Amino acid sequence: MEAALVVLVVALALGFDYTNGFHDAANAIATSVSTRALTPRVALLMAAVMNFVGALLGTEVAETIAHSIIDLDSQTSHTVLVVVLCALVGAIVWNLITWWFGLPSSSTHSLIGGLVGAGLAGGLLVYWGNVYDKVVLPMVISPLVGFGLAFLAMVAVLWIWRNAAPSRTTRRFRHAQTVSAAAMALGHGLQDAQKTMGVIYMALLTVGWADRDAGIPLWVKLAAAAAISLGTYSGGWRIMRTLGRRIIELDPARGFVAESVAATVLYVNAFALHAPVSTTHTITSAIMGVGATRRLSAVRWGVAKNIAFAWILTIPAAALVAALATWALTPLLG
């Protein structure tokens, strides 16, 4: 029974990774597509490749997901597997709901909310201190940092190129966006694929199929990288339209700055802080930051308000779905 549950958890985790790819594909390429720096299909292919590469660059975020959210030793291995399974159900359901409505919510927080909700319903110990330090604080701080850095960087760009010919400057920044979009896609793979690795690793540790000292198995890394890449290549057109056009009409310079700042925030959190931050929150706030350099009214704050509401709702909503799934499936799964 436990072996079957592990296989089911792995399959669902890779399914979540796939939905993460098409749900969050817009994070990496919306700005480049909206400014016509890249065609949609080329942008998606580039993002898929960079997602794959980024997923293999580190495991710090995966280790945080596996060890710092719920206590694997506070219940039986069977109960832990059911909890992880239901956490994935909660995360996938919320991802699909927000994708359907075109809202760029956080797959990261869907997964963490699912783990918390299923963990509570299943009687597992939740590490609330870690949730606050590694999830809640970055959830608040990363968008503020992204907005502030993007605003300041855009002001600097406008000052440095204030006397340059507009057509030549636009052309150069359009070319530069190829690099910044690739950097953003790399950061997306680095952050988001690792979360799936962490969940699979958690299930493997529970039944003794992995060694804590040996770290995450190579096949887990490759499977997670492949799933998010395939999801990204399948595209996320609804959310891409929201990020690329509905928040603000972007030009190549603003697109370049937004992507560069967002990628930097993702790298710092992954490599230095080991924090599972949201790529969605980071790029969206950076887009708002560069948009505010025109004038505050240039940002469509009504759309921004709807996005912020989805951000706030994501963790409790995914937690609720996961808790309901836990209560419903526990009697069936024994």
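Biologist: How do the axes of H7 and H8 cross, and within what distance do they come?

Modeller: The two axes come within 9 Å and cross at roughly 130°. Axes here are lines fitted to C-alpha atoms, for helices over the stretch in contact, and angles run from 0 to 180 degrees between N-to-C directions. This is a predicted model, in which local features need pLDDT of at least 70 and side-chain atom pairs count only at pLDDT 80 or more, while totals for chains, interfaces and linings use all residues. Residues are numbered from 1 along each chain as its sequence is written, and side-chain values use heavy atoms, with hydrogens and water left out.

Biologist: Why are H7 and H8 called oblique to each other?

Modeller: Angles under 35 degrees count as roughly parallel, over 145 as roughly antiparallel, 65 to 115 as roughly perpendicular and the rest as oblique. The crossing of H7 and H8 is at roughly 130°, and the pair is therefore oblique.

Biologist: Which residues of H7 and H8 meet?

Modeller: On the H7 side, they include His188, Asp192 and Met197, and on the H8 side Trp219, Lys221 and Ile228. Contact means heavy atoms within 4.5 Å.

Biologist: Where is Ile216 placed?

Modeller: Ile216 sits in the loop between helix H7 (166-206) and helix H8 (218-234). Helices are DSSP runs of H or I with at least four residues, numbered from the N terminus.

Biologist: What makes Ile216 count as buried?

Modeller: Buried means under 20% relative accessible area, exposed over 50%, and partly exposed in between, with a 1.4 Å probe and protein chains only. Ile216 has a relative accessible area of 7%, so Ile216 is buried. Leaving aside neighbours within four places in sequence, its contacts are Thr59, Ala62, Glu63, Met197, Tyr201 and Lys221. Across the protein chain, buried residues make up 58% of the 334 residues.

Biologist: How many helices and strands does the protein chain have?

Modeller: The protein chain has 12 helices and 0 strands. Another helix pair is H6 (residues 128-160) and H11 (residues 279-291), whose axes come within 7 Å and cross at roughly 35°.

Biologist: What is the pLDDT over residues 243-247?

Modeller: Over residues 243-247 it stays under 50, on a scale of the predictor's confidence in each residue from 0 to 100. Where pLDDT is low, the predicted coordinates should not be read in detail. The protein chain averages a pLDDT of 84, and 87% of the residues score at least 70.

Notes:
Helices (H or I, at least four residues) and strands (E, at least two) are DSSP runs, numbered from the N terminus.
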